[in-house]
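Q: I have a model open beside its sequence, and I would like to learn how to read it feature by feature. Could we go through it together?

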Amino acid sequence: QVQLVESGGGLVQAGGSLRLSCAASGRTFSNYVMGWFRQPPGKEREFVAAITSSGGSTHYTDSVKDRFTISRGDAKNTVYLQMNSLKPEDTAVYYCNAIFHGVGYSHDYWGQGTQVTVSS
């Protein structure tokens with residue numbers, strides 16, 4: 001059974017930091033792109049950051065560049081999101097995602113989400 005389990009969310013004041021973790025299990029994720037999405041209150045889910053299977057390339061949405069850092073563990077089945085200089089607009093449920101791109105198809109997995117609340 002494939003599972004992605006996020007942890008590390010919580011309540012923090014503006015300007016503070018949090019580190020989210022996502023542990024994936026149930027299969028090998030070394031060939032998966034892993035990433036983070038978030039869903040602010042009353043809004044749709046949006047992309048935050050992603051890291052390639054090798055860990056050699058990362059991508060961020062503009063609003064978190066230079067504040068958030070995505071990384072993968074050595075075993076490639078763990079992904080982290082270091083969030084610095086947090087702002088109230090970063091408040092959201094953060095979801096871990098793992099996606100595999102095959103030839104002409106793709107499939108992905110999602111975690112259950114972890115709440116991040118940034119107070120002003």
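A: Let us begin with a definition: a residue is called buried when its relative accessible area is under 20%, and exposed when that area is over 50%. Please keep in mind that this is a predicted model.

Q: In what sense do E7 and E8 pair, and over how many bridges?

A: E7 and E8 pair in the antiparallel sense, over five bridges, and within this pairing arginine 72 stands opposite valine 79 of E8. The hairpin of E7 and E8 has five residues between the strands, and in it lysine 76 takes a positive phi near 65 degrees.

Q: Which residues touch the most other members of the largest nonpolar core?

A: Such a core is a set of buried nonpolar residues joined through side-chain atoms within 4.5 Å. Here the largest nonpolar core has 27 residues, of which Trp36, Leu81, Met83 and Tyr94 touch the most other members. The elements that give two or more residues to this core are E3, E4, E5, E7, E8, E9 and E11. If you select methionine 83 and leave aside residues up to four places away in sequence, you will find that it touches Gly16, Ser17, Leu18, Leu20, Arg67, Phe68, Tyr94 and Val116.

Q: How should I read the charged side chains, and what is the count of salt bridges?

A: The general idea is that side chains of opposite charge can pair when their charged atoms come close. In this model the count comes to four salt bridges. One of them joins glutamate 46 and arginine 38, at 2.7 Å from N to O; glutamate 46 is partly exposed because its relative accessible area is 32%, whereas arginine 38 counts as buried because its relative accessibility is 4%.

Q: Where does aspartate 90 lie, and which arginine in strand E4 does it pair with?

A: Aspartate 90 and arginine 38 meet in a salt bridge of 3.0 Å, N to O, and this pair links distant parts of the chain, since aspartate 90 is in the loop between E8 and E9 while arginine 38 is in strand E4, 52 residues apart. Aspartate 90 also forms a salt bridge with arginine 67, with the closest N and O atoms 2.8 Å apart; arginine 67 is in the loop between E6 and E7, 23 residues from aspartate 90. Both aspartate 90 and arginine 67 are buried. Through shared partners, salt bridges join Arg38, Glu46, Arg67 and Asp90 into one network.

Q: Is asparagine 97 buried or exposed, and is asparagine 31 buried or exposed?

A: Asparagine 97, which lies in strand E9, counts as buried because its relative accessibility is 5%, under the 20% cut-off. A polar atom of its side chain lies 3.3 Å from the backbone oxygen of tyrosine 109, and among the residues that asparagine 97 touches are Leu4, Val33, Phe37 and Trp110. Asparagine 31, found in the loop between strands E3 and E4, counts as exposed because its relative accessibility is 54%, over the 50% cut-off. Not counting residues up to four places away in sequence, asparagine 31 touches Ser53 and Phe100. Asparagine 31 and alanine 98 are 67 residues apart in sequence, yet their C-alpha atoms are 9.5 Å apart in space.

Technical notes: Residues numbered from 1 in each chain as written. Predicted model: local features only at pLDDT ≥ 70, side-chain atom pairs only at ≥ 80, totals over all residues. Heavy atoms only, no water. Helix = DSSP H or I, 4+ residues; strand = E, 2+ residues; numbered from the N terminus. Buried < 20%, exposed > 50% of the residue type's maximum accessible area, 1.4 Å probe, protein only. Polar contact = N/O pair within 3.5 Å; in protein donor to acceptor, adjacent residues only side chain to side chain. Contact = heavy atoms within 4.5 Å. Pairing = 2+ DSSP bridges.
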